[in-house]
Amino acid sequence: MSGIIQLLPDHVANQIAAGEVVQRPASVVKELVENAVDAKATEIKLIVKDAGKTLIQVIDNGLGMNVTDARLCFERHATSKIRHAEDLFALHTKGFRGEALASIAAVAHVELKTKQDQEELGIHIIIEGSKLVTQEVAVLPKGTSFLVKNLFFNIPARRNFLKSDNVELKHIIDEFERVALAHPNISFTMISNGSEVFNLPSSNYRQRIVNIFGGKTNEKLVPVAEETEILKISGFVGKPEFAKKNRSEQFFLVNNRFIRSPFLHHAIMNAYDGLLRDNNQPSYFLYLEVPPHTIDINIHPTKTEVKFDDEQALYAILRSTVKHSLGMFNVAPVLDFERDATLDVPYDYKDKTMSTPLIQVDSTFNPFATETETKKYSGSSVSYAKSTPAQPHWESLYTDLKQDTFEVSTTNFENEVVASKLFDETIVESQTLMYQFNRKYIIKSMKSGLLVIHQNRAHQRILYEQFLTNITVHQASSQQLLFPLEIQFSRDEMMYLKEIQPNLEGIGFAFEKMGLDEVVISGLPSQIADTEVTQILHDLIYNLQESLPEDSFSLCDSISKFMAKSVAVKSGKYLNTIELENLVNGLFACKDPNVSPFNKQIFITLTTEDLDKRF
Ligand code: ADP
Ligand code: MG
């Protein structure tokens, strides 16, 4: 009796395998570039169009293939890199599964041109969805060029599943950076939609890192080196003060292959213990060499996860080596018996300017004063209005005390480099009483009761509506800077920045220059101060990278929301009467004064009845 099990035809098997190997354009880039490295190329060029959705081309000057191999390479399990099972334990190449090209050819239009050095002529092959279309000899330079067009043309569901060009391009850049970091001796170029993204000449590790991540990276790097029997470490870690909010500069390259390892990452974080602010992430570019038989890189189809034989030992060596380097280069506190530890300033306070405490004595204060005088000091908080006239005035002692401290810290706040004036200081006639309570809420009395406004959310709403209008109608006022600002970005941050440049110009940014890894800003939106702009832009890009909106309206919306959130006056900031007045008026001039851009309630009202009920 015949069974029901059948062997899958090759093209079906290849499509299934493709699901594992080729998830997105970036996977194709990774496989093709790694093949070029394995073919001992010294120059590799990557060209993409529409984030690889339309075209991905990798050109190398490596060994090339002869006619037979050029045909065979598209077969499943066709590899020149291992012959025996034992070879798996002594891998020195990136590839070994022999399934990448078969998988890619199953889901795209592929064109291969290749020639070996010693041959006169090369070969040109076109394959579409695993089917050979043409094969002919051709005059070609030495090396190989793979052209992959219309990825997932035969699997529409996959194609629709791809993210926006920005997101896909970001993945491509990630893969490109990883291979380029692992092989500084190879020169790499990357071109996206006709413009050059990277041009990395052959160099040493340090220069390669700097060429990828921008000129400013150089001063951040602390060298790391250690050699033991089971592990050789070289590379760099970042000085703690340059730690970033995101993990975009963390690389482990094990035997020249980028890997992810939460375990080894933990070892590094441990070495930085106590040196990082908030949840900042240190940069690291660490090259680890272990004997090939002590790792298993076979556990993940895309080969970014590995298993080490002796993880515990690696952990310990890595941790102490990094710690030692941080100490050697004086970035970590070292034991110093001469030093008086009591003089150490906690990290948080290090950069703060000292201010002499101010003591203010209210010379007019009279504990036996009558009601009217006391009232004068109860201005900052509604609750004080409760103090009844005939009481002996021990409570007012507190009132005054509070008033005093209030004044002291007010001066402190004013001393800060004040970012931006909240509003134009036009004098507004104050009709009704208004207080700032706890530096967080604005309390305003109305005919019918009390209005309690959340100052931060109110300002977010005002700014959000301003930014959104400006960004869509492009008529923001820009404040020209006397000295243009130079700000450094990494290459992939620059990609995003260029993408959102028109939006930023809409809200008042003026860019004098957009380089490969820096921008020069000559004008800013009036709401943003030059001292905060670097941080705001870096954070904005980081935020967008995480979830880049697909359509242009949501992009404008996200940018406006983010800007509003970053610039809005925070809780804890003292506001003077004019600022309070402006904030409240600005809020009620908004289209939607009820909720913040993040859908949080901005104010509540307490009617006279509400209050009456409570008494
Ligand atoms: P693997 O890399 O795992 O061996 P691939 O499907 O990626 O499998 O490639 C199959 C074979 O094709 C490789 O083993 C190699 O012999 C050959 N090949 C692929 N790309 C190149 C290239 N750029 N230059 C020379 N040979 C290549
Ligand atoms: Mg390969």
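A polar contact is a pair of N or O atoms within 3.5 Å; within protein, one must be able to donate a hydrogen and the other to accept it, and residues adjacent in sequence count only if both atoms are side-chain atoms. This is a predicted model, in which local features need pLDDT of at least 70 and side-chain atom pairs count only at pLDDT 80 or more, while totals for chains, interfaces and linings use all residues. Residues are numbered from 1 along each chain as its sequence is written, chains are lettered from A and ligands numbered from 1 in the order in which they are written, and side-chain values use heavy atoms, with hydrogens and water left out.

Start at ligand 1. Around it stand 20 residues, each with a heavy atom within 4 Å of the ligand. Among the closest are Asn-35 and Thr-79. A polar side-chain atom of Thr-79 lies 2.5 Å from an oxygen atom of ligand 1, and for Asn-35 the distance from such an atom to a ligand oxygen is 2.8 Å. Ala-100 instead places a backbone N or O atom 3.3 Å from an oxygen atom of ligand 1. Taken alone, the ligand exposes 530 Å², of which the protein buries 92% (areas by the Shrake-Rupley method with a 1.4 Å probe).

Turn next to the largest nonpolar core, a set of 62 residues. Such a core consists of buried Ala, Val, Leu, Ile, Met, Phe, Trp, Tyr and Cys residues joined through side-chain atoms within 4.5 Å, where buried means under 20% relative accessible area (1.4 Å probe, protein chains only). Phe-74, Phe-188 and Met-190 touch the most other members.

How values were computed. Buried means under 20% relative accessible area, exposed over 50%, partly exposed in between (1.4 Å probe, protein chains only).
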